[in-house]
Amino acid sequence: MPSPSLADLPIRRLTPRDLAACADLSEDVGWPREEHKWGLLLAAGRGYGIDDPDGGLVSACVVTSYGPRERPELAAIGMVLVAQRHARQGVGRRLMRHVVAEQGTTALTLHATPYGRPLYEELGFKTTGRAEMVRGHFTLGGPEPEATTRTATAEDLPAILRLDQEVFGTDRTHMITRLPAFADQLRVAEEDGQITGYAAAWPNLDNHVVGPLIAQDTETAKALIASLAAHTSRVLRTDIDVRHEELLAWVKAHGLASVSFNTVMTYGIPDLPGDWTRRFAPVTVAAG
């Protein structure tokens, strides 16, 4: 019996049970497996995939929606992958068209690699910014950042959620409340009894990813990064909005080096909501 064509293979919703298949697909395209991250994305967001009749996935992506459940205000698209054996056959375009149509009037955002950007531009996404990935062993030298930081407690969660919604521009409670279990560290910055920033460090293979990173100013962001680094021996990695030039120069002076750039793109809105001056790094580029 002849195998069905790629155009005839159905697109279906993925579930946490598809985690291993998603990790296999990541590995197939030369990315790390990142099972811990896939687990978060499949739990907090909605996965879409195309099954390969020969086993595994032809393609996959994840959409994480924010705002009211009945009418999301923003959705982040990430982990758009196509198996190498099916590359350049229109599979990614077909999956993206389906996903964009499924979101209706919800505004969309994504971080595009140089490879994926032409497709997203073809679909109507516009460039609104850039993020720089930096990575390395953090070494603290020179004057320490002045902001006070400490480990977050359960009692801090309401204040963290209020601050996050104010800075991010819409509610992402279902993502932020997963951080205590997902991350190895969750720390807050505090001034006069008020939380002025927070950051998490979550495990990803041999490194700790710093994200999200929300802070009232650059000094507070520095203090949060330094405090996270002080409690891990792993390499740190994070994706910083390139407009935060002072923070980027500071982390590079303390051992982190530039790895790559992603283009921040939006669909349906001219720019991301919220206050970019206090939004330094996403949870992960796959989820905003």
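Q: To start, how many helices and strands does the chain have?
A: The secondary structure of this predicted model comes to nine helices and 13 strands.

Q: And how compact is the chain for its length?
A: The radius of gyration is 19 Å, close to the 19 Å that the globule rule gives for 288 residues, so the chain is as compact as a globular protein of that length. Along the principal axes, the C-alpha atoms fill a box of roughly 70 × 35 × 35 Å.

Q: What share of the residues counts as buried?
A: Of the 288 residues of the chain, 52% count as buried.

Q: What about contacts between residues that lie apart in sequence?
A: Taking contacts between residues at least 6 apart in sequence, 72% join residues at least 24 apart.

Q: Which residues have the most contacts inside the largest nonpolar core?
A: They are W38, I160, M175, I176, L179 and Y198, in a core of 40 residues. As a general point, nonpolar side chains tend to be buried together in soluble globular proteins.

Q: Let us stay with M175. What does M175 touch?
A: Apart from neighbours within four places in sequence, M175 is in contact with L40, A44, T64, Y66, V283 and A287.

Q: A44 is on that list. Which pocket has A44 among the residues nearest its centre?
A: That is the second largest pocket, where A44, S65, G67, R69 and H174 lie nearest the centre. This pocket has 13 lining residues and holds about 270 Å³ of space.

Q: Which elements contribute to the lining of the second largest pocket?
A: Strand β3 (57-66) and helix α6 (173-176) each give two or more residues. Strand β3 gives the most, with three residues. By class, the lining divides into five nonpolar, five polar and three charged residues.

Q: How much space is in the largest pocket, then?
A: About 1,100 Å³ lies in the largest pocket. Its lining has 40 residues, of which W31, V80, T113, Y115 and G116 are the closest to the centre.

Q: Which element supplies the largest share of that lining?
A: Strand β4 does, with six residues. The elements that supply at least two residues each are β4 (74-82), α3 (91-102), β5, α4 (117-122), β11 and β12.

Q: And what is the lining of the largest pocket like by class?
A: There are 22 nonpolar, 12 polar and six charged residues.

Q: Changing topic: how many cavities of 30 Å³ or more are there?
A: The structure holds one. The volume of this largest cavity is about 300 Å³. Among its 21 lining residues, H111, D241, V264, L272 and R279 are the closest to the centre.

Q: Which element gives the most to the lining of the cavity?
A: Strand β6 gives the most, with four residues. The elements giving two or more residues are β5 (107-112), β6 (126-136), β11 (235-241) and β13 (279-281). The lining as a whole has nine nonpolar, five polar and seven charged residues.

Q: What does T263 touch?
A: Not counting residues up to four places away in sequence, T263 touches L110, H111, A112, R117, T127, G129 and R130. One of these, H111, is also among the residues closest to the centre of the largest cavity.

Note on methods: Residues are numbered from 1 along each chain as its sequence is written. This is a predicted model: local features need pLDDT of at least 70, side-chain atom pairs count only at pLDDT 80 or more; totals for chains, interfaces and linings use all residues. Side-chain values use heavy atoms; hydrogens and water are left out. Contact means heavy atoms within 4.5 Å. On a 1 Å grid over the protein atoms alone, a cavity is a set of points where a 1.4 Å probe fits but cannot get out, and a pocket is an open set with protein on both sides within 12 Å along at least five of seven lines; lining residues have an atom within 4 Å of a point. Grid points are joined across faces, edges and corners, and a volume is the space filled by probe spheres set on the points. Ala, Val, Leu, Ile, Met, Phe, Trp, Tyr, Cys and Pro count as nonpolar, Asp, Glu, Lys and Arg as charged, and the others, Gly among them, as polar. A nonpolar core is a set of buried Ala, Val, Leu, Ile, Met, Phe, Trp, Tyr and Cys residues joined through side-chain atoms within 4.5 Å. Buried means under 20% relative accessible area, exposed over 50%, partly exposed in between (1.4 Å probe, protein chains only). The radius of gyration is taken over C-alpha atoms; the globule rule is 2.2 Å times the number of residues to the power 0.38.
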